[in-house]
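Here is a short briefing to read with the structure open. Please look over the sequence and the fold before going on.

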Amino acid sequence: MVKRVAVTANNTYQEIMSAVLNEPDQVLVVCHVSPDGDAVGAALSMAHFLEQAGKSFTVVNDDPVPSRYDFMPGVERFQRTDSVDRQFRTIVAVDCADLKRLGATTQLFADSHLLINIDHHETNNRYGHMNLVQAEASATCLVLYRMFHASGIAVDRNMAILLYTGILFDTGGFRYNNTTPEIHHAAADLLSRGFEPFMIADRVLESMTREQVELVRLGLSTLRIHDSGRIAYVVVSQELLRTSGASDDDTEVLLPYTRSLSGIEVGMLFRERPDGSVKVSLRSRDRVDVASIALRFGGGGHVRAAGCNLDGPIEQAVEHLVTAVAEAVTSAFS
Ligand SMILES: [Mn+2]
């Protein structure tokens, strides 16, 4: 049973705020599995807001928060789903495009619950009973910044660090095309609360573990450049991953070495899964719409960043995808 029917229009900031503040019991705050800087920043700033408002809350994710986010104020409040043995009536989901990406945290929703969906993904399917989805916002942390700002909520230094981290992460360090004048104004406002921007950039964007560096060393030996000179890719087998000691999530560190090569239009990362299937990440620079390529293989994403999964063996997956990308590159440059 739900308290509201799904609507296509957004709820107002005020409706969202009062729904959260009216919950007498604990509020559950969740975000997508394999949480990134925006997801962690948004979940913790929502928790921080609740704390300041004198409300109690629980913050949960299926996965551990990566250690690069250890500096974020309140990160120790994150609990793993299987360590929570109660259910909640009011749930705030942040930075999550669909219910599936909430993983097993949905088991913590009481039979009769109110689910509040706060997000910025274009693909968000408005799964909440209440929705605040701003697809043009560069980060969920910007959506929250707007809401707190419009509601007259004081943003202290800790909350500023959290919101800034999400904004920094989702704009790739203020480099992607979603780096708007508004986001720089928001960042300036947050910075005025007094923290070191390099400390955050260093942890979130630049730091690598030894295993990641080892993965880069081994992974770069697999770098291939297509005859066109416009496609570069690396192939990470299970064996290579094991040898490096890195985890599957770590393989993302290899992506910049593909697209960033001068003259390359499409960079790709192929990684073999334990079950033999192949996960592919695609990035393009100027012209090729990698989302439409990924879509043809059952995946999806954005024009410049997309992904899909293929059946193995890995060499066959590489061949299929490189062929498709080469065609797209040819037509984009003809
Ligand atoms: Mn985000």
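Predicted model: local features only at pLDDT ≥ 70, side-chain atom pairs only at ≥ 80, totals over all residues.

Four protein side chains are listed as donors of a manganese ion: Asp38, Asp95, His120 and Asp170.

**Manganese site**
- The protein donors lie 2.2 to 2.3 Å from the manganese ion.
- Asp38, Asp95 and Asp170 each donate through OD, while His120 donates through NE2.
- Along the chain, the donors of the manganese ion are spaced as D-x56-D-x24-H-x49-D.
- Asp95 sits in the loop between β4 (88-94) and β5 (109-119), and His120 sits in the loop between β5 and β6 (130-133), so this pair ties together parts that are 25 residues apart in sequence.
- Asp95 and His120 are both buried.

**Helix α2**
- Of the 16 residues of α2, 14 are buried, so the helix is largely enclosed by the rest of the structure.
- At the start of α2, a side-chain oxygen of Asp36 comes within 3.1 Å of the backbone nitrogen of Asp38.
- Gly54 follows α2 and has a positive phi, near 80°.

- His113 is in strand β5.
- His113 has 14% relative accessibility; the cut-off for buried is under 20%, so His113 counts as buried.
- A polar atom of the His113 side chain lies 2.7 Å from the backbone oxygen of Ala110.
- Asn131 belongs to strand β6.
- Asn131 is buried, and its relative accessible area is 0%.
- The side chains of Asn131 and Asn117 make a polar contact at 2.8 Å.
- A polar atom of the Asn131 side chain also lies 3.1 Å from the backbone nitrogen of Gly128.

**Surface patch**
- Met208, Val213, Leu220 and Tyr257 make up a nonpolar patch on the surface.
- Together these four residues have about 320 Å² of accessible area.
- One of them, Leu220, lies in helix α7 (residues 210-220).

Conventions: Residues numbered from 1 in each chain as written. Heavy atoms only, no water. Buried < 20%, exposed > 50% of the residue type's maximum accessible area, 1.4 Å probe, protein only. Helix = DSSP H or I, 4+ residues; strand = E, 2+ residues; numbered from the N terminus. Polar contact = N/O pair within 3.5 Å; in protein donor to acceptor, adjacent residues only side chain to side chain. Patch = residues over 30% accessible without salt bridge, like charges linked within 9 Å, V, L, I, M, F, W, Y side chains within 5 Å. Areas by Shrake-Rupley, 256 points an atom, 1.4 Å probe, with all protein chains shown as cover. Salt bridge = Lys/Arg side-chain N within 4 Å of Asp/Glu carboxyl O. Donors = N, O, S within 2.8 Å, 3.2 Å for Na, K, Ca; no water.
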